[in-house]
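Reader: I'd like a close look at the side chains here. Please take me through them step by step.

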Amino acid sequence: MPEGRAKAAAEEREKAKASIRAFVEHPFRVIKHLWGHYKLRYRGLAKNAARFTTLCALSNLFLCRREVLAAG
């Protein structure tokens, strides 16, 4: 690992990557743990894509439920 300024810059880059990674991983955590979507069943590509798209939309609503309820 580099020392001095290079180390600080490397740590800042890693922190930025980690925050983006955390932001992206939260919806997948909701999909897996809340609705039990751990394994994909072989139902056909169209059905799997439709189910996953629906689960992604629901997880987005779940993650921003406070804002949605406050607006309504």
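Reader: How many disulfides does the count come to?

Author: The count comes to 0 disulfides. A disulfide here is a pair of cysteine sulfur atoms within 2.5 Å. Take Cys56. Its sulfur has its closest cysteine sulfur in Cys64, and the gap is 13 Å, too far for a bond. Now look from the other side. Cys64 is in no disulfide either, since its nearest cysteine sulfur, that of Cys56, is 13 Å away.

A word on the model before we go on. It is a predicted one: local features need pLDDT of at least 70, side-chain atom pairs count only at pLDDT 80 or more, and totals for chains, interfaces and linings use all residues. Residues are numbered from 1 along each chain as its sequence is written, and side-chain values use heavy atoms, with hydrogens and water left out.

Next, the rings. The count comes to 1 aromatic pair. Rings of Phe, Tyr and Trp (its six-membered ring) pair if their centres lie within 6.5 Å; planes under 30 degrees apart count as stacked, over 60 as edge-to-face, and the rest as tilted. Phe28 and Phe52 make the pair: their ring centres are 6.3 Å apart and their planes stand at 20°, so they are stacked. This pair links distant parts of the chain. Helices are DSSP runs (H or I, at least four residues), as strands are (E, at least two), numbered from the N terminus. Phe28 has 35% relative accessibility, so it counts as partly exposed. Phe52 is partly exposed too, at 33%.

Ile20, Phe23, Val24, Phe28 and Phe52 make it, and its area is about 510 Å². Patches use residues with over 30% relative accessible area and no salt bridge; nonpolar side chains (Val, Leu, Ile, Met, Phe, Trp, Tyr) are joined within 5 Å, like charges within 9 Å. Accessible areas come from the Shrake-Rupley method with a 1.4 Å probe, and for residues only the protein chains shown count as cover. Helix 1 gives the largest share of this patch, 4 residues. Ile20 is found in helix 1. Its relative accessible area is 55%, so it is exposed.

One more ring deserves a look. The charged end of Arg65 sits over the ring of Phe62, 4.1 Å from the ring centre. For this, NZ of Lys or CZ of Arg must be within 6 Å of the ring centre and within 35 degrees of the ring normal.

Charges can also meet charges. A search of the whole structure finds 1 salt bridge, which is a side-chain nitrogen of Lys or Arg within 4 Å of a carboxyl oxygen of Asp or Glu. Lys17 and Glu14 form it, at 3.0 Å from N to O. Both lie in helix 1, 3 residues apart, about one turn of the helix. Lys17 is partly exposed at 42%. Glu14 is partly exposed at 45%.

Last, some distances across the model. Pro2 lies in the segment before helix 1 and is partly exposed at 38%. Pro2 and Arg41 are 39 residues apart in sequence and 47 Å apart in space, C-alpha to C-alpha. Ala9 is in helix 1, partly exposed at 33%. Ala9 and Ala70 are 61 residues apart in sequence, and 40 Å separates their C-alpha atoms. Asn60 is in helix 2, partly exposed at 45%. Asn60 and Ala50 are 10 residues apart in sequence and 15 Å apart in space, C-alpha to C-alpha.

Conventions: Buried < 20%, exposed > 50% of the residue type's maximum accessible area, 1.4 Å probe, protein only.
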